[in-house]
Amino acid sequence: MPDKIFITGANGQLGRDLVHEFATRGVECVASDIQESFAGDENCRYVQLDITDYDAVDSAMKDSGCERVIHCAAWTAVDPAEDEANKPKVFAVNVTGTENIARACAKYDMIMTYISTDYIFDGTGTRAWQPDDTSYAPLNYYGWTKLQGELAVRKYLQKFFIVRIAWVFGKNGNNFVRTMLKIAETHDTLRVVNDQIGTPTYTPDLARLLADMNMTEKFGTYHATNEGGYISWYDFACEIFAQAGVKVNVIPVKTSEYGLSKAKRPYNSRLDKSKLSESGFIPLPDWRDALRRYLNGTN
């Protein structure tokens, strides 16, 4: 087990769950983010860090004394990423920032975990994407920048984990579950797309897996979402309201009927996760169970 873990994006929903997970395991964390202070309750060392500044990254990682880095920091607002005014910022965080982390990891012999996304693929077909697929064709700018981050990790490092996730929800951030419940407070009918297929990822479950991974040297590219089969956003919404006991009429619609968003969304977000079990890792629990725990306020 590593003595110390460096976590970027520690104030995000996954980052905060990671700090908590390592704290429960007695592993010291150096948490970092762009904000002045850490938003979580755990007593950990916090470093304010702008990952787009290589000198700052180099200094922070050198001084941290950490053996491994889990890189969660990212621009994840998909639609705003399409705005021309925002693209330089998105590139700076998702591409330059990731490259800076990878360069520093290579310099100080640190093992890097990079959190990626199903958006690096074109989202066509019905076959589940494999971890080793290389038919990259991102549909939007966010996906393209995350792919460039993957390529940077592979360019600078031999020992790394790349973990692709999808449909993320957790207690510390905005997500689909929270949005659905909020809208249902003022609407008795909702239209939700049913032709985009994937599986949700609950951040406390993902944090446990990432902690397990970082106790090993089973490096490589993995897919990690909750178990329970592939579903549509419509299916997810129906289960959210059923478990929450909220009565609302949910109407399934096609993406073309729902209306255009700035960023194109993948129709096929199916990620094959069998490599996890093959490598000896425990798969994430069923997404329905994860949703139940989320609604109950538990990990």
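1. Arginine 208 and aspartate 205 are three residues apart in helix α6, so about one helical turn separates them; helices here are DSSP runs of H or I with at least four residues, strands are runs of E with at least two, and both are numbered from the N terminus. An α-helix has 3.6 residues a turn, so residues three or four places apart point the same way. The two side chains form a salt bridge, with their closest N and O atoms 2.5 Å apart, where a salt bridge means a side-chain nitrogen of Lys or Arg within 4 Å of a carboxyl oxygen of Asp or Glu.

2. The model is a predicted one, in which local features need pLDDT of at least 70 and side-chain atom pairs count only at pLDDT 80 or more, while totals for chains, interfaces and linings use all residues. Residues are numbered from 1 along each chain as its sequence is written, and side-chain values use heavy atoms, with hydrogens and water left out.

3. Aspartate 205 counts as buried at 3% relative accessibility, whereas arginine 208 is partly exposed at 29%; buried means under 20% relative accessible area, exposed over 50%, and partly exposed in between, with a 1.4 Å probe and protein chains only. Salt bridges that share partners join Asp205, Arg208, Asp289, Arg292 and Arg293 into one network. Helix α6, which spans residues 203-213, is mostly covered, since nine of its 11 residues are buried, among them Leu206, Leu209, Leu210 and Met213.

4. The count of salt bridges comes to 17. One of them joins the side chains of lysine 4 and glutamate 28, at 4.0 Å from N to O. Lysine 4 lies in strand β1 (residues 4-8) and glutamate 28 in strand β2 (residues 28-33), so the pair ties together parts that are 24 residues apart in sequence. Glutamate 28 is partly exposed, with a relative accessible area of 40%.

5. Another salt bridge is formed by glutamate 21 and arginine 25, at 2.7 Å from N to O. Glutamate 21 is buried at 10% relative accessible area, while arginine 25 is partly exposed at 23%.

6. Seven strands make up an open sheet with parallel pairing, in the order β3-β2-β1-β4-β5-β6-β11; two strands pair if DSSP finds at least two bridges between them. Strands β3 (45-48) and β11 (220-223) stand at the edges with a single partner strand each, so one side of each is left without a neighbour in the sheet. From one strand to the next, the twist averages 20°. Strands β1 and β2 pair over four bridges, and isoleucine 7 has alanine 31 in β2 as its bridge partner.

7. Helix α2 (residues 54-64) lies across β1, β2, β3 and β4, running at about 160° to β1; axes are lines fitted to C-alpha atoms, for helices over the stretch in contact, and angles run from 0 to 180 degrees between N-to-C directions. Helix α4 (residues 141-156) packs on the sheet and touches β5, β6 and β11, where contact means heavy atoms within 4.5 Å.

8. The axes of helix α3 (residues 87-107) and α4 come within 9 Å and cross at roughly 15°. That makes α3 roughly parallel to α4, given that angles under 35 degrees count as roughly parallel, over 145 as roughly antiparallel, 65 to 115 as roughly perpendicular and the rest as oblique. Residues making this contact include Phe91 and Val95 of α3 and Trp144 and Tyr156 of α4.
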